[in-house]
Amino acid sequence: WLPRWRPALRPAIGMGLLPGLQLALLPGASPGSASLARRSAAGRSAGEGSLVPRGAEVDVATRQPSLVLNLGIAREPYGITRRWLPPVSLAELALMLGVWRSRTRRYWTKRTKETNESPDLDLNVLPPVLPARPASGRLSLSNKVWRKTVYWARAADRATYGTINRLSGSSDGNANEKVAVFGGGAFGTAMAAHIARKGHPVYLVVRDKQVRDFINKRHINPRYLPDFDLPHNLIATGDVAEALEGCSALIHAVPVQVSRKVLESVRPHLPKGIPVVALSKGLELGSLKTMLDVISEALGRSPEENPVVAVSGPSFAKEIMDRRPTSVVAAGTDSTASALVQRLVTSHYLRVNITTDVIGVEVAGALKNVLAIAAGICEGLGLGLNAMSALVTQGNAEIRWLATAMGGQPETLAGLAGMGDILLTCFGSLSRNRSVGVRLGRGERLEDILSSSDGVAEGVFTSQLVVELADKHKVLLPVLTSVARILSNEVSPKKAVFEVMSLPAFPESA
């Protein structure tokens with residue numbers, strides 16, 4: 001079986017994973033084991049005659065060896081030399097095995113399924129060649145209309161950026177701007193890696209020391225997105241002051257419900273004048289406030305001192321890491337801060353639109369998680385795509401009603417932050433909130449679902465807040481309210497779906 005598995009194991013082992021198997025993949029070699037050295041330096045400190053793995057550390061207080069392994073490898077033939085690798089704790093070994101499992105699964109998925117490589121493209125440059133004119137001189141109607149589109153786009157680019165290459169036109173050539181990222185989850189890691197790929201030094205603030213050490217040593221986040229290597233200019237740290245010193249932007253990717261506490265603790269270290277980029281989507285329990293208000297209040301800073309820019313849109317973290325074409329929206333009231341965020345995030349495969357409708361973007365980003373749970377429930381019940389599409393359409397209208405009642409613009413709900421993000425979250429298989437709904441529809445208990453999930457499903461927390469907002473702004477939201485009833489065990493998923501779909505019909509223009 002070894003030749004079949006060799007391609008899958010080799011990438012992981014080349015990065016220092018599973019060192020004990022390294023020579024098992026090479027001809028004429030055999031794996032060694034941790035040697036037991038009697039009366040070694042560690043053995044003598046543990047006690048006369050004790051057997052301790054060579055290189056193991058000994059706890060002086062208990063006189064017992066700590067859980068540290070030193071893996072050795074012996075080569076054949078008999079001119080044997082033994083090479084010893086640095087000590088590896090059992091905790092680090094467990095993380096290494098988790099990364100190996102994830103990467104092996106990804107390898108076999110690519111082998112067994114038809115997957116396309118990341119396309120070589122640039123979303124920031126229009127095709128330089130217009131459709132050629134035929135010999136007759138007469139263009140088809142489609143080519144004629146497309147030429148007009150290209151002429152309009154080139155004129156717009158020159159007026160805005162001074163060039164038809166938006167990426168170069170939006171860059172000041174400074175690739176040394178330091179960026180701090182709070183939150184080592186999937187999206188925080190993806191955005192940190194994305195900006196680091198552009199050459200910026202990035203400091204990722206992570207609480208778990210083992211994860212920090214693993215990222216800095218092996219350039220892999222073992223908890224989130226372990227399939228991908230991280231740039232070497234991405235540094236994990238637990239020192240907030242170190243991360244914020246001299247940075248040009250702070251990217252906040254911490255879950256909404258703990259954001260206030262985190263930001264209040266870092267307030268003394270945050271320089272004035274730098275923008276805070278909110279990646280977290282949701283509403284704060286109790287206050288019903290969006291991330292724009294939570295960040296400003298927690299930092300005790302005015303929007304002029306530290307402007308807040310919300311980034312939202314259809315963007316799965318895994319696809320950003322995979323360099324898939326992605327478009328997002330940066331929403332802020334400070335045009336300079338929005339332009340800075342656009343410049344930092346824009347790349348050949350990721351483009352950024354700008355809007356001033358912060359309320360519309362944030363409300364859509366929060367409520368689409370609740371709607372995704374409803375879409376998942378519909379799938380878990382096996383009701384089909386017809387029912388799911390009708391449910392999502394109704395939910396999208398409800399989000400628009402509430403957003404406009406709170407001061408948002410209805411046009412925003414038809415764009416990337418609205419319909420774009422809703423479609424991705426409700427129909428995309430990578431959505432955590434949708435996965436929660438699918439399992440609820442199949443009859444699983446909410447407590448069991450949450451305890452077995454890796455990430456945070458913000459829609460579970462936001463669902464109750466939606467009901468409060470609907471009551472406050474006097475808006476009826478049947479689909480979103482039903483999700484809150486299901487999560488509170490007031491009604492079964494099946495009954496709730498059929499109750500919503502049996503409501504009276506209303507004009508399509510409503």
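Me: Which residues does Ser315 touch, leaving aside those up to four places away in sequence?

Reply: In this predicted model, Ser315 touches Phe187, Ile320, Thr326, Val328 and Leu424, with residues up to four places away in sequence not counted. Ser315 itself lies in the loop between β15 and α11 (317–321).

Me: Is Ser315 buried or exposed?

Reply: The general idea is a cut-off: a residue is buried when its relative accessible area is under 20%. Ser315 has a relative accessible area of 11%, so Ser315 is classed as buried.

Me: What should I expect of side chains along a strand?

Reply: In a regular strand, side chains alternate between the two faces of the sheet.

Me: In what sense does β16 pair with β15, and in what sense with β17?

Reply: Pairing is read from the bridges between two strands. Strand β15 (residues 308–312) pairs with β16 in the antiparallel sense, over 3 bridges. Ser312, for instance, has Val329 in β16 as its bridge partner. Strand β17 (residues 350–355) runs parallel to β16, and 6 bridges join the two. Here Ala330 stands opposite Ile354 in β17.

Me: Which helix forms a β-α-β unit with β16 and β17, and what is its handedness, right or left?

Reply: The helix is α12 (residues 335–345); together with β16 and β17 it makes a right-handed β-α-β unit.

Me: Where is Pro275, and what does it touch?

Reply: Pro275 is placed in the loop between α9 (256–266) and β14 (276–278). Not counting residues up to four places away in sequence, its contacts are Ser248, Ala249, Leu250, Pro307, Ala337 and Leu340. The relative accessible area of Pro275 is 4%, which is under the 20% cut-off, so Pro275 is buried. Along the chain Pro275 and Asp334 are 59 residues apart, while their C-alpha atoms are separated by 9.3 Å.

Me: How many aromatic pairs are there, and which charges lie over a ring face?

Reply: Ring pairs are judged by the distance between ring centres, with a limit of 6.5 Å; the count by this rule is 0 aromatic pairs. Charges over rings include Lys178, which lies over the face of Tyr203 at 4.3 Å from the ring centre. Arg218 lies over the face of Phe214, at 5.6 Å from the ring centre.

Technical notes: Residues are numbered from 1 along each chain as its sequence is written. This is a predicted model: local features need pLDDT of at least 70, side-chain atom pairs count only at pLDDT 80 or more; totals for chains, interfaces and linings use all residues. Side-chain values use heavy atoms; hydrogens and water are left out. Helices (H or I, at least four residues) and strands (E, at least two) are DSSP runs, numbered from the N terminus. A crossover is right-handed if, with the strands pointing away from the viewer, the path from the first strand over the helix to the second runs clockwise. Buried means under 20% relative accessible area, exposed over 50%, partly exposed in between (1.4 Å probe, protein chains only). Contact means heavy atoms within 4.5 Å. Rings of Phe, Tyr and Trp (its six-membered ring) pair if their centres lie within 6.5 Å; planes under 30 degrees apart count as stacked, over 60 as edge-to-face and the rest as tilted. A charge sits over a ring if NZ of Lys or CZ of Arg is within 6 Å of the ring centre and within 35 degrees of the ring normal.
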